[in-house]
Each structure stands twice: as C-alpha cells, then as structure tokens.
Amino acid sequence: MTEPMTNYPESIRSKFEELFGQEALIIRSPGRINLIGEHLDYNLGFVLPAAINRAIWLGIQKRDDHGIRLHSLDYDDDYQGRVDDLSPSGKLWPDYILGVIQQIQKKIALNHGFNIVFGGDIPPGAGLSSSAALECATAFALNELFELGLERMDLVKIGQAAENEFVGVKCGIMDQFASVFGRKEHLIRLDCRNLSYVYVPFLAEEIKILLFDTRVKHSLADSAYNERREECEKGVQLIQKYLPEIKSLRDASQEMLESYVKNVDKTVYIRCTYVVSEIKRLLNGCEDLEKGDLISFGKRMFETHAGLKDLYEVSCDELDLLVNLVKDNPDVIGARMMGGGFGGCTINLVKAEAVDDLMKKVSDAYLSKTGTGMLVYEVEIEGGTGYSS
Ligand code: GLA
C-alpha cells in the first residue's frame, strides 16, 4: 500500500558523481495538497494549500560549455541539449526543466550550461504537483548556481509560465506557489488576485491527512481543465456586458449570475455557481480554522466535493467512490477530491487513532468495487523549496 522510501538526496549525490564526476548542489522542492478552494486560483479567488513531505530532489552543477545534460533517476532516462537552443524534447519530463530555462533566459542570459540529476517520491499523475515541484526545483537551483538574484515570487511565476507556455497546460499559480512558499505545519491562505498570503497554523496531532490515490487519470483531464477556464471566462464576459467593472469571478455574486448568466448559458451558469460558492466556502472554512472548529471545516470539504462533482463536473466515478466510502464514517472529519480532477487523489482528514483501520477498510472496498488497487499516502506539512538538508 505505501511504497518503500528511497534516500533521494543520497542517491542523487552519488549518481551525479558517477555521471559527471562533480559534487552537486542538492535542492528539494515539495509537492502540495490543497485543503479547500479548488479551481479558484485562475478565477483570482483564494486557495488554502500546503507543501508536503514528498518532494523532488535535484542535483545541479555548472559545465564549462553551453551543454545541458539531464538525468531522471526514476525514469532512468537522459536528455542532452544546449542552453542557447531550446525546443520541446518530444518527451514530457525534460520539458518542465527546459521551460524554466526558457523563462529565465527571457530575463537574464545564461552563458553556461549545466548538469542535472533529479528524482523524487511525489507520485506522478496523482494530482500532487510533481511537475510544479520539478519546475520550482529547477528555477531555485539555477537562481543559486548562477546567482541570478531572483526573488521567491519570481521563481513561482517562472515555474507557472514554463508550464503555461512550454508544456502547454494553462494551470493557475497555486501549485508552484505552494511548493516555493510552503512552511512546516502551516497552510497558506493565498489571495490569487494580489498574491498576498498568510500562514495558517495546522498542526492537529489528533488529525492526520490521508490521501487516497485512485491511480487513474482520465484522458480528458487536461482538455477539460482548459475548458473549465474558458467557461469561467465566458461567465465574466456575460456579466461584463452589464457591469464592466467585474474583472473575474472573484468580483461576481450569485445575484449577478442569476441576472446575467442563467438565461444565456446554463452550463456556464452552473460552473460559475460552483466558483462563487467555493470562494465563500473557503472564507468560512478559514474562520472555522481560526476557531479551531475542524468539524465544521470538514463538512465544508464534503460540500466542495459535491460542488466539484455536480456543478463543476470535474470528478469521476473512482473519486466519488472514495468519498462515498468515508462520508458517513465518524472517524473522517472531511474528504473531497483534490486538484484538477478526473483522477488523482482524495484528501481526507482522519482521526489519528482510526488511520490504520480506515486505510484497510477503504483499500479493500475500493479493490472489490473497481477490481484495481488504490494507494494511500499519509502526508505531513513541510517547508517549501530550498537546499536539501
Ligand atoms: C491544478 C492546477 C492548479 C489549480 C488546480 C485546481 O492543480 O495546476 O493551478 O487550478 O488544478 O484547483
């Protein structure tokens, strides 16, 4: 159920020496969870993510020429190129790194090549942002190696732009932000409109965070993601015909949707209804946390799932099954699908003493209903991108 741990910093250090005969700088950049506030980042709402104790580790060192040599430990695969000649590699993993180099080159010319070895324990395709972690590890590493003087927020934006422009996924800013700005035992309440943020303590000894991984990723995941973005933009345009000052769904109210969207486009109306209600839910959820009312917070997580399933329509049978399996279990405070949707994980807040029992129950039920096994990750909230300790 839970896989064996590799000592990534150590494996990367020794692979680097073997391949390049150099001692590497080793950078760690984590994956993320998001407690509530899903599909709100690109609608300029709030999100409540945290960095986790699963990460990408990346070793890097300068070369004397303009060459780039990349090695993926987990795929046991290589890529060779040049810093001054960047084009998509034809396979996915090098593109996250190349996209970051391209963004950095737009700001500051890199006159040297470098070697990279990387690997990590963020399961790819599970919705825990392994790609954002790789982008942020690369941006941080190049900033350190070449002393570029970039701020943390620049690294976040470089990572997001790499994914938008080079990889072609129109993601919002949440994943890269959480990876770079994560803080141990804290959630981050990020306002995606002005990028201001506050750290919200989240250390509940008696509550554990469990991720149940469906191990599916349906093929419409990326196209549906971009489609949802367009539907939200259309909602804003419909409102703007009457209220030009409305710039995003963050500014919109349910009344506006009733007046200007409902009778024009039903689908756009229900998508926007989810977004407007989720923005409210997140703010109420943050108040719950301030009061220490996890029970109320957990209820809102279930409501978010219902909204993502019925209104935003980004869930899938496997995710719904995992939420249904825990919905009436008093040991589960809250649960919902997490991330973009159409597969990946559910996030569950679970009473500590019930963890082992729940893992077994849910895994058995999932296997018997779907015929395939799921995975479980118990995660802890860790710090953001930095040198590996
Ligand atoms: C993906 C994207 C994020 C965000 C979430 C949904 O993880 O990369 O930017 O939009 O989906 O909340």
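Mentor: A contact means heavy atoms within 4.5 Å. The model here is predicted.

Trainee: What share of the contacts in the chain with a separation of 6 or more do residues 24 or more positions apart account for?

Mentor: Such residues account for 71% of those contacts.

Trainee: How do you know which radius of gyration a compact globule of 389 residues would have, and what does the chain have?

Mentor: The rule is 2.2 Å times the number of residues to the power 0.38. For 389 residues this gives a value near 21 Å, and the chain has 21 Å, so the two agree. Along its principal axes the C-alpha trace spans about 60 × 55 × 40 Å.

Trainee: What makes a residue count as buried, and what percentage of the chain does?

Mentor: Buried means under 20% relative accessible area. By that cut-off, 59% of the 389 residues count as buried.

Trainee: How many helices and strands are there in the chain?

Mentor: The chain has eleven helices and 13 strands.

Trainee: Which residues of α4 are buried, and what covers them?

Mentor: Among the buried residues are M153, L155, V156, I158 and F166. Their cover includes α2 (92-107), α3 (130-145), α5 (174-181) and β8 (196-201).

Terms used
Residues numbered from 1 in each chain as written. Predicted model: local features only at pLDDT ≥ 70, side-chain atom pairs only at ≥ 80, totals over all residues. Heavy atoms only, no water. Helix = DSSP H or I, 4+ residues; strand = E, 2+ residues; numbered from the N terminus. Buried < 20%, exposed > 50% of the residue type's maximum accessible area, 1.4 Å probe, protein only.
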